[in-house]
Amino acid sequence: SFVFLSTGPTVLGSHVKGEVGQNITVPCSYSVKLKQDITSMCWGRGSCPVSKCDQTILWTDGWKVTEQHNSRYMLKGDLLRGDVSLTILNAQEADSGIYCCRVEIWGWFNDQTSNHKVVIEKARISTASPHTYTSEQTSAPGSTSNSTFTITRTWPLISASEAPRTTSGPCSSTSDCLDVTSNLQNMSVSLSSQQHSENWLYIGSGLCGGLLAILILALFLT
């Protein structure tokens with residue numbers, strides 16, 4: 001911020017920064033206590049001259065805008081309360097420079113003037129991107145050119161020790177499967193032998209019981 005001297009009362013100027021395409025506001029106001037205090041003012045390009053405004057942008061009689069040279073420059077504040085801030089719509093780099101705000105106060109050399117520096121820069125483009133995009137343009141005879149877009153991604157590598165096991169069967173290797181098969185066969189043979197022995201035991205028991213019954217019957221008959 002800085003102060004500019006003029007032949008009338010001076011106020012603190014401002015330094016306004018913005019980006020291309022933005023709407024920016026250059027502040028300017030004066031004191032209004034009574035309706036009689038409402039007065040005319042102008043905005044212009046360049047430092048404030050001795051009177052009026054150079055390269056006039058607009059004029060207001062204090063109640064409404066009476067002269068406007070560019071529709072992108074307007075007053076959006078409450079004029080009846082002394083808010084004569086300049087709004088620049090869709091700011092461009094060419095809008096950079098010094099702006100004069102002159103409020104006409106009744107009397108000799110009483111005008112309130114202030115100069116404001118405006119800087120409009122191109123929008124910053126972020127270089128950070130999670131993906132890398134590359135474009136290859138190929139063309140074939142007799143056909144229109146085609147564009148091929150390739151998305152490059154970086155994925156973390158998984159070592160063999162960290163890779164999940166995807167074996168779907170009960171065996172993790174061929175030797176394990178052979179061991180399980182052998183055990184099942186041995187169990188089957190053992191069960192078969194046991195069943196065969198039990199069958200002979202039942203037959204022997206039946207024969208002994210029959211012979212014992214015949215012997216008891218013979219004793220009673222004698």
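Three disulfides turn up in a search of the whole structure, a disulfide being a pair of cysteine sulfur atoms within 2.5 Å. The model is predicted: local features need pLDDT of at least 70, side-chain atom pairs count only at pLDDT 80 or more, and totals for chains, interfaces and linings use all residues. Residues are numbered from 1 along each chain as its sequence is written, and side-chain values use heavy atoms, with hydrogens and water left out.

| Disulfide | Sulfur–sulfur distance |
|---|---|
| Cys28 and Cys101 | 2.0 Å |
| Cys42 and Cys53 | 2.0 Å |
| Cys48 and Cys100 | 1.9 Å |

Start with Cys28 and Cys101. The torsion about their S-S bond is about -80°, so this disulfide is left-handed. Cys28 sits in the loop between strand E2 (24–26) and strand E3 (41–45), and Cys101 in strand E8 (residues 97–103), so the pair ties together parts 73 residues apart in sequence. Strands (E, at least two residues) are DSSP runs, numbered from the N terminus. Both Cys28 and Cys101 are buried, meaning under 20% relative accessible area (1.4 Å probe, protein chains only).

Next come Cys42 and Cys53. Their link is right-handed, with 80° about the S-S bond. Cys42 belongs to strand E3 and Cys53 to the loop between E3 and strand E4 (56–60), so parts eleven residues apart in sequence are tied together. Cys42 and Cys53 are both buried.

That leaves Cys48 and Cys100. The S-S torsion here is about 105°, so the disulfide of Cys48 and Cys100 is right-handed. The pair links distant parts of the chain, 52 residues apart: Cys48 is in the loop between E3 and E4, Cys100 in strand E8. Cys48 is buried, as is Cys100.

Methods. Helix = DSSP H or I, 4+ residues; strand = E, 2+ residues; numbered from the N terminus. Buried < 20%, exposed > 50% of the residue type's maximum accessible area, 1.4 Å probe, protein only.
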